[in-house]
Amino acid sequence: MNAIELRGLTKRYGDVTALEDVSLVVEEGEIFGFLGPNGAGKSTTIDILLDFVRPTGGEASVLGHDTSEESLTLRQRVGVLPDGYHLYDRLTAREHVEFAVASKRSDDDVDALLERVGIGDAADRKAGEFSKGMKQRLVLAMALVGEPEVLILDEPTTGLDPNGARKMRELIREERDRGATVFFSSHILEQVEAVCDRVGILREGRLVAVDTIDALRGALGTETRLTLTVDRVDDRLVAAIEAVPGVSSVRADGDRVVSVNCADDAKAAVLGAVSAVDTTLVDFDTEEVSLEELFAAYTETPAETAADDATTAPEVGR
Amino acid sequence: MSWAVVARKDFADARRSRALWGTTGLFVLLSVGMALLYATVPEVRADIGETTTLGYLTLLLAATSLFVAIAAIVVAAGAIAGERDSGSAKLLLGFPHSRRDVVLGKLVGRTAVLGVALLVGLAVTVVVVLALFDSFAPVDYLVFTVVTLLLVLVYVGIMVALSSTTGSGGRAMAYGIGAFVALELVADLLPVTALFVANGFSFASPETLPGWVAFLNVVTPTAAYTNALGWFLGGGTATELALGGALGGPVPFYLTGWASVAVLLAWLVVPLALGYRSFARADL
């Protein structure tokens with residue numbers, strides 16, 4: 001059985017389309033990263049999984065339970081860290097987790113859970129006094145109640161310091177090793193890369209890619225950035241480099257430095273073009289496309305970032 | 001019993017809010033203050049010379065119904081809309097609670113808050129009554145308490161119902177105030193207007209009150225509460241006689257205290273059913 005299955009999921013608010021025909025399968029036992037810029041439809045998808053909102057078209061299921069028809073059974077087996085939640089300011093951390101335990105009719109050790117997320121010493125403090133990071137940990141503790149088979153975490157690292165974010169990733173791995181499926185959304189690829197088996201990228205309500213990070217990198221082609229230091233940058237030089245096949249962008253950084261994005265196998269030709277216009281090459285440096293650029297390639301206008309290959313990349317998930 | 005988990009959480013939360021302490025304090029002041037007034041200022045007792053439980057409760061009744069109607073707005077109008085507004089509804093409904101359990105849990109939790117305020121007030125007042133009054137009628141006092149708790153349940157129910165129709169706490173509060181104005185003020189014009197229309201747009205008053213006009217007089221929650229108490233307190237013979245006189249005949253079943261209890265129950269069930277229907281379909 002699949003942990004999460006979306007079939008042609010569509011959600012419209014009036015004439016605004018939040019999700020358009022999204023189909024996706026998340027298998028049991030995997031850590032799945034759900035990526036996209038803010039407003040791409042990540043939270044809408046999660047809201048549908050939890051029956052907070054009803055889809056306009058298509059269907060969704062978690063552990064085989066339809067999200068609308070069998071929401072109660074579904075939520076009994078799922079742990080949730082929602083986006084834009086608010087805690088009960090007058091209740092203590094312990095009372096929050098106790099509420100979660102009573103709601104799930106489980107027999108979890110409340111103190112052990114608070115200890116596990118790192119706020120054991122704040123158990124009897126009221127949630128209203130908590131920092132954003134502590135609130136996030138508390139809601140995570142509530143989500144872990146009842147050893148859920150699927151964990152749905154919406155932007156779980158929001159408000160956490162780097163150390164807290166690392167702890168969060170450790171916890172996510174521990175839960176996967178226990179046998180849980182983890183579905184978590186983020187607008188930052190780096191957060192996802194470290195732990196995810198696979199990622200799906202959402203853009204303006206459409207799923208544009210689903211694969212492992214390595215495969216996504218491959219699909220974009222091995223784009224390289226060349227940084228050339230020369231004795232003099234002029235229009236003739238820029239024009240000569242732009243004319244080389246495989247070059248996607250050329251940018252002059254001051255009088256002596258040129259940045260070139262190009263296909264991996266076009267590097268030699270670029271260097272050749274430089275000497276062909278009688279410019280002296282002082283130094284050069286190459287680097288692989290960063291995750292940030294990879295993400296941008298999928299979520300921004302393709303022409304701006306990763307030229308030829310990006311136009312085919314959105315087909316990867318289909 | 002998922003609603004019980006929601007209700008317990010709700011009450012635990014409200015227990016620490018100023019709303020509970022404020023309403024309790026106010027009602028203690030109200031009930032004790034009126035008891036002292038009744039016992040010490042003879043003019044308040046009108047024609048009856050001695051201080052009786054019945055006389056006091058009759059005096060307290062109008063003030064209590066007004067207090068309940070206003071306190072219910074404060075305590076319960078934000079019950080569901082407030083949680084949707086702040087985002088705690090996402091936390092609540094991420095757990096296996098149905099929306100029906102949430103509505104029921106909120107009804108019970110908020111009724112408990114206002115009910116506690118009422119019970120504390122009436123308990124403290126018993127001391128004053130025992131100390132200063134010529135007599136104490138425990139049965140009347142108990143009947144008053146029970147029927148008043150029913151009014152609390154009804155008014156909180158109306159507010160929870162309104163609260164479940166919107167995702168904005170401010171709007172829910174506005175609906176609550178609107179309902180208060182409609183039920184407590186505008187509804188009083190209903191029987192007079194209906195009679196005016198039925199008489200061919202003339203104010204000529206009939207010799208005896210038509211039964212249906214008398215019914216319209218006791219159709220709001222507060223009026224039904226007042227009628228029910230008039231019927232059950234002190235045996236209710238006075239009310240029966242007065243009503244019978246106005247109607248020029250025997251009192252029909254729909255004007256009895258039990259009918260008024262039924263009216264109260266309808267005010268409890270119908271708004272909640274409609275509110276739940278809207279909440280069940282809503283996108284949070």
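Predicted model: local features only at pLDDT ≥ 70, side-chain atom pairs only at ≥ 80, totals over all residues.
Start with the layout of chain A. It is divided into domain 1, residues 2-213, and domain 2, residues 223-288. The C-alpha centres of these two domains of chain A lie 45 Å apart.

Now look at a sheet in chain A. Four strands form an open sheet, in the order S2-S1-S4-S5, and the pairing is antiparallel. Strand S2 (16-27) and strand S5 (65-66) of chain A are the edge strands, so named because each pairs on one side only. Strands of a sheet pair through backbone hydrogen bonds, either parallel or antiparallel.

Follow the pairs one at a time. Strand S1 (residues 2-13) of chain A runs antiparallel to S4(A), and five bridges join them. Find Arg7(A): the bridge partner of Arg7(A) in S4(A) is Glu59(A). Next comes strand S4 (residues 57-62) of chain A, which pairs with S5(A) in the antiparallel sense over two bridges. Here Ser61(A) has Asp66(A) in S5(A) as its bridge partner. Val62(A) stands opposite His65(A) in S5(A). S4(A) and S5(A) form a hairpin, with two residues between them. In the turn, Leu63(A) has a positive phi of about 55°.

Turn next to helix H6 of chain A, residues 162-178. This helix has 17 residues. From its first C-alpha to its last, H6(A) reaches 24 Å, close to the 24 Å expected at 1.5 Å a residue. Which residues of H6(A) are buried? They are Ala165(A), Met168(A), Leu171(A), Ile172(A) and Glu175(A). These residues cover an arc of only 115° around the axis, so they sit on the same side of H6(A). An α-helix has 3.6 residues a turn, so residues three or four places apart point the same way.

The other side of H6(A) has exposed residues: Pro162(A), Asn163(A), Glu170(A), Glu174(A) and Asp177(A). What do the buried residues of H6(A) pack against? Their partners in chain A are strand S3 (31-35), strand S7 (150-154), strand S8 (181-186) and helix H7 (189-193). After H6(A) comes Gly179(A), with a positive phi near 120°.

Finally, see where the chains meet. The contact takes 23 residues from chain A and 19 residues from chain B. On the side of chain B that touches chain A, helix H1 (2-15) and helix H5 (88-93) of chain B each supply at least two residues. The residues on that side of chain B divide into seven nonpolar, seven polar and five charged.

Methods
Residues numbered from 1 in each chain as written. Chains lettered and ligands numbered in written order. Domains from an automatic or database assignment. Contact = placed C-beta atoms within 7 Å. Nonpolar A, V, L, I, M, F, W, Y, C, P; charged D, E, K, R; others polar. Expected span 1.5 Å × (residues − 1). Buried ≥ 20, exposed ≤ 12 C-beta atoms within 10 Å, placed from the backbone. Arc of directions from axis to C-beta.
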